[in-house]
Amino acid sequence: MENADKINDEIWGHYIDGEFRVQPDDAWLQEYNPGTGKPGYRVKRGCAEDVDQAVAGAQKALPEWRRQKPLDRGRILIRIGVTLRERLVEFSRAENLETGKPMNQTMGDLEAAAQYFEFYGGLAAGVEGDIIDLGNERLCYTRREPYGTVGIILPWNAPLNQAGRSIAPGLAVGNTIVVKPSQLTAVSLLMLAEMAVECGLPPGVLNVVTGSGSEVGTPLVEHPGISKVYFTGSVGVGKKIGHMAAERIIPATLELGGKSPNLVFADSDFNAAVKGVISGFTSNAGQACIAGTRCLVDASIHDEFTQELGRQVAQLSVGPQKDAVIGPMITKGQFDTVKQYFSIAKEENATLLTGGSVAKIAETTGGWFVEPTVYTDVRPDMRIAQEEIFGPVLVVIPFKDEADAVRIANDSDFGLAAGIWTKDLSRAHRVAGLLESGQVFINQYPATSVETPFGGYKKSGIGREKGRIALNDYTQLKTVVTRIEQAE
């Protein structure tokens, strides 16, 4: 660490105004490899002063970036996406060390991140306003303009995937950005920020400040130079950020938790439903807000369905190997939380169908692995049926009929996603209209892509990301009216 733009493979500083900020006397935060429990990268412990520097850099870069033709901004974003795909293995290895995810999963996450930059790069020149007819004597039109400098706070469960989802649309419409990644999974984003400048992004347009929520996140949201806030994470922290944004009268997009139901009707494709339910709650080892962790099954097929479900879940591979289905809990805190819910389920007298313990491989690797777990004899009011566990834990609840299924599905503080399994398309669309959920997947789970709007009802959040709609969320609307003099 000889100077401010020097890094090495183990120690990473902030990325501000196009350079790494590292000094010999800096304070550091330790990341850990979830697959082994051993120390990994170290990242700089940020503070309010670092946020000040990052916002200053972003505001300095804002006029030039905003003036660029949208087509030119789009070309840079597409170049970032293409280059990220070319370096997919390198970035995947970094995320593997930070998240412990099997390499096949990190590769998939990063492919999606590349697609975000390509998708929004292609849309950059397509942001349009409207002409409003006020008669021949006046011309009225609207235009969409960037907010300015946007603050983004990211979670640890899918670092660069989440970053691409939030950063790419913001840059496409002319905002500059300051990002606080999780201090537990920050390095892949720092790598991306450096690569983005190499791809032609002007210095200062994208800045990354690492550190804790209290030392970096709070100063970022409260900074007078930040015009809009994006946050992805827990409901508790989301409430605090929403309150801070409201105090400043700035908009906040909040993508929060989920307890999503999969509704399996008796006429469904039985085998497809079993596989879809398993995929829904085990993807990313259950560490996804969209995880389908409530399985609602028609009572007439409940016993047969749960028997087959339990058999297949018990055979899932757990571990750090490339093709494992279940990787580790990404943080030690989340590992401990999932274990606590195993105890809660026992206290609530739920029946353990399979799993319910630390995985055996944790003993040999030292990693934070838990078994994929299924509980039956679960009432809708139990904690394990209401609270987001954020691990590979599924509860199975029977329903009597369609109305009962909808009632149980909507009996939740969350409303992020839902799945419906039926061969009756009228029922599928009828039920989809009744579910209080931001996304509904029919005979598949999940089924999201960069093009599809994403967000939740109720406590699952405010606002929408992904798809074309995200461009509206990153812009504010201006109406222009002028009088047209009439010829005499």
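View A. Pro 446 is placed in the loop between strand 20 (439-442) and strand 21 (457-458); strands (E, at least two residues) and helices (H or I, at least four) are DSSP runs, numbered from the N terminus. The peptide bond that joins Tyr 445 and Pro 446 is cis, with an omega of about -15°. Residues are numbered from 1 along each chain as its sequence is written, and side-chain values use heavy atoms, with hydrogens and water left out. Because the model is predicted, local features need pLDDT of at least 70 and side-chain atom pairs count only at pLDDT 80 or more, while totals for chains, interfaces and linings use all residues.

**View B. Strand 7 and its partners.** Strand 7 covers residues 138-146. Strand 6 (residues 131-133) runs antiparallel to strand 7 and is joined to it by 3 bridges; two strands pair if DSSP finds at least two bridges between them. Asp 133 stands opposite Leu 139. Strand 6 and strand 7 form a hairpin with 4 residues between them, and Gly 135 in the turn has a positive phi of about 95°. Strand 7 also pairs with strand 23 (residues 475-483), in the antiparallel sense, over 9 bridges. In this pairing, Arg 143 stands opposite Lys 478 of strand 23.

**View C. A nonpolar surface patch.** Ile 131, Leu 139 and Ile 484 make a nonpolar patch of about 270 Å². Like charges are joined within 9 Å, and nonpolar side chains (Val, Leu, Ile, Met, Phe, Trp, Tyr) within 5 Å. Accessible areas come from the Shrake-Rupley method with a 1.4 Å probe; for residues, only the protein chains shown count as cover. Leu 139 is partly exposed, because its relative accessible area is 34% (buried means under 20%, exposed over 50%, partly exposed in between).

**View D. Two asparagines with positive phi.** Asn 284 is not a glycine, yet has a positive phi of about 55°. Asn 284 lies in the loop between helix 9 (270-282) and strand 14 (294-298), and counts as buried because its relative accessible area is 12%. Asn 349, also not a glycine, has a positive phi of about 65°. The loop between helix 11 (332-347) and strand 15 (351-354) holds Asn 349, which is exposed, at 62% relative accessibility.

Notes: Patches are made of residues with over 30% relative accessible area and no salt bridge: like charges are joined within 9 Å, nonpolar side chains (Val, Leu, Ile, Met, Phe, Trp, Tyr) within 5 Å. A salt bridge is a side-chain nitrogen of Lys or Arg within 4 Å of a carboxyl oxygen of Asp or Glu. Buried means under 20% relative accessible area, exposed over 50%, partly exposed in between (1.4 Å probe, protein chains only).
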